[in-house]
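Hi everyone, thanks for coming.

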Amino acid sequence: MTEIDVSREEIATGTLSRAHCDAAVNAVLVDGFVVLKNVVDQDHLDVLHERMAQDLALLLARDDAPFNWNVGNVQQDPPPFPPYLFRDILLNDQVIAVTSALLGQGVKSRFYSGNTAIPSGHRQPVHADCTHLWPRLSVAHPPAELVINIATIDTSPRNGSTEIWPGTHLDVSAVAGMDIKVPEKILTARRAVRPPIQPSVSKGGVLIRDIRLWHAGMPNHTDIPRPMIAMIHACGWLETGTPLRFPAGTEALFQHPVLHICAEFVGEPIDHIHAPDGYEYTPEG
C-alpha cells in the first residue's frame, strides 16, 4: 500500500510536490488506490463526526433505512449546508492534484455522500462500484472516475475499514451487466494471485481509489459508528446525471481553478436524511 506523507508546506501552499503526485498517480494506476496522509483538518472532521452521529439515529428511524446489503452498513449523506461544508474536504488541493493528473482537464466532482459502518458482525459481498465503460476489452482502459474516501475517525480492521483488492481495477472479465458483485470462483482465483488487504487510515487521511477496484464494507467490531464520506471525481467528458444540491449563497466556496462541482444551488431546505437510498437490502423475517 502506498501512503504519501504530505508535508506541512504542501498543505500551507495548497500544492503537492511533483514527486508526491507522481508516486500517487503510479499507485492508482498499478494498485488502484493510494492514501494521502494528514491532508484534512481534524477539527473539521470532529464537527462532521458529531453531526453525522446525530443524523445516524434519524436515518435508522426511517421505515426504509438505507442499508447497503446488510444492517451493518448505512448509506449516509453528510449535511450539505453550513457550517458543515469544508473546502479541505470538498475541494482538497492535494486530492485534486492527483485526480486531475489522472483524469485530465475538466475533472469534475459529481457525488457527495458516504456510508457508516455501525456495530455489527456483517460484511458486504466483494463488488466494484462500476465496471469498465466499454464491453469486451482485452486491456483495461485508463481511469475515468475516482472515489475519494474520508473517514471522520481513525479506521482499522477493528472498526470496519474497507477491504480492498489491489490491482483488480485492471481486471476486464469479472464484473459485467447489472450485478456488481464479483463471483466467488473469480475471488478464489484472485486471492491466490494477490489477496485483499484491509488498510488502516489515520484521521485526516484520504483514500483515493479507481471506481472499478473490487472492495467490500467490513464489520465494525467496536461500539462506535464509523462514518466515511465518499466523493467521486470524473473525467470532464463523462455524463454525470443529477447535480448535487447545496444552499444558495455557498457558490463561492465551490469555486476552484481545476475542479468543477456538478451542483445546483437552491433556496429551499435540503433534506439529507431522506435523500440516500440503500442497495440490495432485503429485511429479514
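So, the largest nonpolar core has 42 residues, and Leu-36, Ile-89, Ile-150 and Ile-208 touch the most other members. By nonpolar core I mean buried Ala, Val, Leu, Ile, Met, Phe, Trp, Tyr and Cys residues joined through side-chain atoms within 4.5 Å, where buried is under 20% relative accessible area with a 1.4 Å probe, protein chains only. Apart from this core lies another one, of 8 residues, including Leu-187 and Met-218.

Before I go on: this is a predicted model, where local features need pLDDT of at least 70, side-chain atom pairs count only at pLDDT 80 or more, and totals for chains, interfaces and linings use all residues. Residues are numbered from 1 along each chain as its sequence is written, and side-chain values use heavy atoms, leaving out hydrogens and water.

Back to Ile-89: which residues does Ile-89 touch, not counting those up to four places away in sequence? They're Val-40, Leu-45, Leu-48, Ile-150, Ile-229 and Met-231, with contact meaning heavy atoms within 4.5 Å.

A cavity is a set of points on a 1 Å grid over the protein atoms alone where a 1.4 Å probe fits but cannot get out, and its lining residues have an atom within 4 Å of a point. Searching the whole structure turns up 4 cavities of 30 Å³ or more. The largest cavity has a volume of about 140 Å³, and core member Ile-150 is one of its lining residues, along with Met-228.

Definitions and conventions
Buried < 20%, exposed > 50% of the residue type's maximum accessible area, 1.4 Å probe, protein only. 1 Å grid on protein atoms, 1.4 Å probe; cavity = no way out; pocket = protein on both sides within 12 Å on 5 of 7 lines; lining within 4 Å. Points joined across faces, edges and corners; volume = space filled by probe spheres on them.
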